[in-house]
Amino acid sequence: MKNEMKKFLATFLAVALAAVACCVFASAEDTNIALGKSYTTIGIYLLETETQPIYIDEEGKTLTDGVKATAGLAYQDPLWVGFNMNSPDAKDNGGVCEIEIDLGGDAKVSGFAVEVYLPEKAGAGISAPSKVEFFYSADGEEWTSAGEGALTENGSQSVVALDLDAAVDAKYVKAELVPTGWLFISEIEVMGTMGAGTTDESKSETESEAVSSAAPVESSAAATSSTASSTPSTSDAGVFAVVVLAVVAVIGAAVVVKKRA
């Protein structure tokens, strides 16, 4: 009888630990680690005689604030940032526009996405970029190409994305975009996981600011949707609960064995 109970306890413990391991693995699934991160740009359109871009990047946060453009949202909306190869800094960069993001620590990067605007009818010189190439770096100086993104056309919710076959190590990432005219972007995302011990102080601040952004009325749906989608995951609480239940169950089983012994 004792041997049977010992076998039962060993089997139960193995199953409990496996359940905990599965939950921990699930909690580490890829998320948008660019959310709320700081970035620099090349190519936001600015006339040489002007000091303010025509289609501005509000407070330098629009592209990583988690608020994507909703269906039918016009390019004049503040959610869109206007890039153009004829901007002076883009001209100096060979007509290539850039978005470079500081991830704030070591990360495993598995994919990229840039939300771009494509009008239903050709006009106003707005079009998809002819090329978008993504890069990653450990120091912001030496860059390695992750590959070129593929365009999925869907009007104001079009996306240029790249999914990697295997995650890469990075502290910095960037997108090099080659526009053929006007290029409007509402968001850039970097999918992956941050390294252990990395803090993300900007995330909660960005999520709260997304709701109170100065976007016009027609953008409120985007802010609401994004805020809901960027709610912090409760997976950590789930893992903790499973661990507690597993420990309690194991202790209970041990008590039963002791009494029967």
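User: Leaving aside neighbours within four places in sequence, which residues is Cys97 in contact with?
Analyst: In this predicted model, Cys97 lies in strand 4, which covers residues 97-116. Beyond its neighbours within four places in sequence, the contacts of Cys97 are Ile42, Gly43, Phe83, Asn84, Met85, Ala90, Ala175, Glu176, Leu177 and Pro179.

User: Is Cys97 buried or exposed?
Analyst: Buried means under 20% relative accessible area. Cys97 has 0% relative accessibility, so Cys97 counts as buried.

User: What distance separates the C-alpha atoms of Cys97 and Ser87?
Analyst: Cys97 and Ser87 are 10 residues apart along the chain. The separation of their C-alpha atoms is 9.0 Å.

User: Which residue in the turn between strand 5 and strand 6 has a positive phi?
Analyst: Strand 5 (residues 131-137) and strand 6 (residues 144-148) run antiparallel and are joined by 4 bridges. They form a hairpin with 6 residues between them. With a phi of about 80°, the turn residue in question is Gly140.

User: Which residue in strand 6 is the bridge partner of Glu133?
Analyst: Strand 5 spans residues 131-137 and is bridged to strand 6, residues 144-148. In strand 6, Glu133 has as its bridge partner Glu148.

User: What kind of aromatic pair do Tyr75 and Phe184 form?
Analyst: The structure holds 10 aromatic pairs. For Tyr75 and Phe184, the centres are 5.0 Å apart and the planes are at 45°. Planes under 30 degrees apart count as stacked and over 60 as edge-to-face, so this pair is tilted.

User: How many residues apart in sequence are the parts that this pair ties together?
Analyst: Tyr75 lies in the loop between strand 2 (39-42) and strand 3 (81-84), whereas Phe184 is in strand 9 (residues 182-194). Tyr75 is buried at 18% relative accessible area, and Phe184 is buried at 1%. The pair therefore ties together parts whose separation in sequence is 109 residues.

User: Over the ring of which Trp does the charged end of Lys174 sit?
Analyst: Lys174 lies over the face of Phe135, at 5.4 Å from the ring centre. At 4.7 Å from the centre of its ring, the Trp is Trp143.

User: Over which residues does pLDDT stay under 50, with 61 contacts beyond four places in sequence?
Analyst: The chain has a mean pLDDT of 75, and 61% of its residues reach 70 or more. Where pLDDT is low, the predicted coordinates should not be read in detail. One stretch under 50 is residues 12-27, with 14 contacts beyond four places in sequence. The stretch with 61 such contacts is residues 200-260.

Notes: Residues numbered from 1 in each chain as written. Predicted model: local features only at pLDDT ≥ 70, side-chain atom pairs only at ≥ 80, totals over all residues. Heavy atoms only, no water. Helix = DSSP H or I, 4+ residues; strand = E, 2+ residues; numbered from the N terminus. Buried < 20%, exposed > 50% of the residue type's maximum accessible area, 1.4 Å probe, protein only. Contact = heavy atoms within 4.5 Å. Pairing = 2+ DSSP bridges. Phe/Tyr/Trp six-rings, centres within 6.5 Å; stacked < 30°, edge-to-face > 60°. Lys NZ or Arg CZ within 6 Å of the ring centre and 35° of its normal. pLDDT = per-residue confidence, 0-100.
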